[in-house]
Amino acid sequence: MRQGTPTLMRRALLLATCLVLLLASTAAAPAAYASATPSLPLERADTGDGVRAVQTLLAAVGQSPGPIDGIFGPMTEAAVEAFQNSENLDVTGVVDQATWDALVAALPEVLMERGDSGDEVRALQQLLADAGHDPGPIDGIFGQMTESAVEAFQSANSLPVTGLVDQATWDALNADAPEILMERGDRGDDVRDLQLLLLEGGFDPGPIDGIFGSLTQSAVAGFQGANDLPVTGKVDQATLDALTDSQEILLERGDSGAEVVALQEKLAAVGYNPGPIDGVFGPMTEAAVAALQSIHGLDTHGGVTQDTLDKLDELVALAATAYSYGYNPAGGPDQWLGLITEVFSQIGLDVEKCGIDDRSEDCIGPQIDNAMVIMVCESDGNPWAVNWASGTTGLFQHRPIYWADRVSRAQALFPTLPSDATPYNPEHNIMVAALLVHESRDALLGYNFLNGAWDDGPEPWGHWDGSSRHCADPPLVDP
């Protein structure tokens, strides 16, 4: 199983042991643990590389000498006595030649260690990753990260922490390894069912063709990462159970009771009107669930799965950010005037901006009044208003498909806008609206300068598809 030439340059506690020990003898430890026999005897209060070598060997055979620090203290003495007792030696706490020879004879065979490479190392790295210990790249090279992962696994499983893979470590790794039910290269109906489950859970496996290829592997890995499972891209029982559980129908039309009341309250809180909050899962509640599923890429069937509940809880938490701005459901749209003014003023949308050179007489006025008009049109000041047909969300009704790109652009204007901004957050929603007005206003001025055709240029509020047409009172302010 072992590949390559063993290295003598290992983690710190072995490095010191492997440098220069005092004397050689006919009973030298394997290179993985120590390079030569120290001057014996060694006993309590002694210090140096010889003591460090003893401590290293004691740890390797399962004793507890305390820190590998080259200081022969009470813990090292107790470990020597415990080892001597286990080997039917005179229990003196002193390391004499007989004790040293017995330590060497008791050392486990090293199967893999730092510096090795090959398929066996690759298999080791995968087992470590499956067990939740990051070995670094799965590349077949036993480097520092793999050694650290071995140490972490050994510590977690009450094995001697050496960073070396002996038979006990290898057996423990394989005992912990879950059975793989499906993996890349597999084919058949089971793979097709897996692909359908992934698709229903919002993870695209590629064609539903029963072939476990790279896209299906990536979808499995994505699902595992999203559900706190070891990310292997392979399907074990835990992954399959989690996928199945996520698609089990927990609530559906015809159900009633407290759980339905809780569902209806959450739907209403994030803009999906379930009808009366009455604990009866009727057609309006079903339609609200189906709309939420459709907009957020979940399997659309109107039944409530765990994925649906998880998404709903996520949206409820996001929608709750409105209250941090003092949102009052009975306060009306005017309660957002102060926040809109604050945001728009940061990038000059509160003042007039005019053209340049010979078109300098053409000006675009302050946009705060217009912002209020558009907001009333779009959401009536409801920070979690949602259009079920398009998925547009929040005060200024931004489309989910454009949101991430607009947030990225808006961060150049608003450095405080986080990358995980949400359209349910009033300030985030207003910042992205301000970005679009800012871009369109500058585009209109530039278009007018080049073409002189003011009426044909882009409008500062053109992204809202002529909302002013259904908001005659009050009208938008020209331009």
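User: How do helices H3 and H4 lie relative to each other: parallel or perpendicular?

Analyst: Start with the rule. Angles under 35 degrees count as roughly parallel, over 145 as roughly antiparallel, 65 to 115 as roughly perpendicular, and the rest as oblique. Axes are lines fitted to C-alpha atoms, for helices over the stretch in contact, and angles run from 0 to 180 degrees between N-to-C directions. Helices are DSSP runs of H or I with at least four residues, strands are runs of E with at least two, and both are numbered from the N terminus. Here the axes of H3 (residues 74-86) and H4 (residues 97-106) cross at roughly 75 degrees and come within 11 Å. H3 and H4 are therefore roughly perpendicular.

User: Which residues make that contact?

Analyst: Contact means heavy atoms within 4.5 Å. H3 contributes Val80, Phe83 and Gln84; H4 contributes Thr99, Ala102, Leu103 and Ala106. The contact of H3 with H4 has five nonpolar residues, two polar and no charged.

User: What should I know about the source before going on?

Analyst: This is a predicted model: local features need pLDDT of at least 70, side-chain atom pairs count only at pLDDT 80 or more, and totals for chains, interfaces and linings use all residues. Residues are numbered from 1 along each chain as its sequence is written, and side-chain values use heavy atoms, with hydrogens and water left out.

User: At what angle do H12 and H13 cross?

Analyst: The axes of H12 (residues 283-295) and H13 (residues 306-319) cross at roughly 85 degrees, coming within 11 Å. H12 and H13 are therefore roughly perpendicular too. Val289, Leu292 and Gln293 of H12 meet Thr308, Lys311, Leu312 and Leu315 of H13. That contact divides into four nonpolar residues, two polar and one charged.

User: Now burial. Is Gln154 buried or exposed?

Analyst: Buried means under 20% relative accessible area, exposed over 50%, and partly exposed in between (1.4 Å probe, protein chains only). Gln154 sits in H6 (residues 144-156). Its relative accessibility is 0%, so Gln154 counts as buried. The Gln154 side chain reaches the backbone nitrogen of Thr162 at 2.9 Å. Besides Thr162, Gln154 touches residues including Leu159, Pro160 and Leu164.

User: What does Gln217 show by contrast?

Analyst: Gln217 lies in H9 (residues 214-226). With a relative accessible area of 24%, Gln217 is partly exposed. A polar contact is a pair of N or O atoms within 3.5 Å; within protein, one must be able to donate a hydrogen and the other to accept it, and residues adjacent in sequence count only if both atoms are side-chain atoms. The side chains of Gln217 and Arg184 form one at 3.3 Å. Not counting residues up to four places away in sequence, Gln217 touches Arg184, Phe212 and Gly233.

User: Which peptide bond is cis?

Analyst: The bond from Leu40 to Pro41 is cis, with omega near 0 degrees. Pro41 is in the loop between H1 (12-18) and H2 (49-60).

User: Where does Ala45 lie, and what is its phi?

Analyst: Ala45 lies in the loop between H1 and H2. Ala45 is not a glycine, yet its phi is positive, about 90 degrees. At 64% relative accessibility, Ala45 counts as exposed. Asp380 also has a positive phi, about 55 degrees. Asp380 lies in the loop between H15 (368-379) and H16 (400-410).

Technical notes
Nonpolar A, V, L, I, M, F, W, Y, C, P; charged D, E, K, R; others polar.
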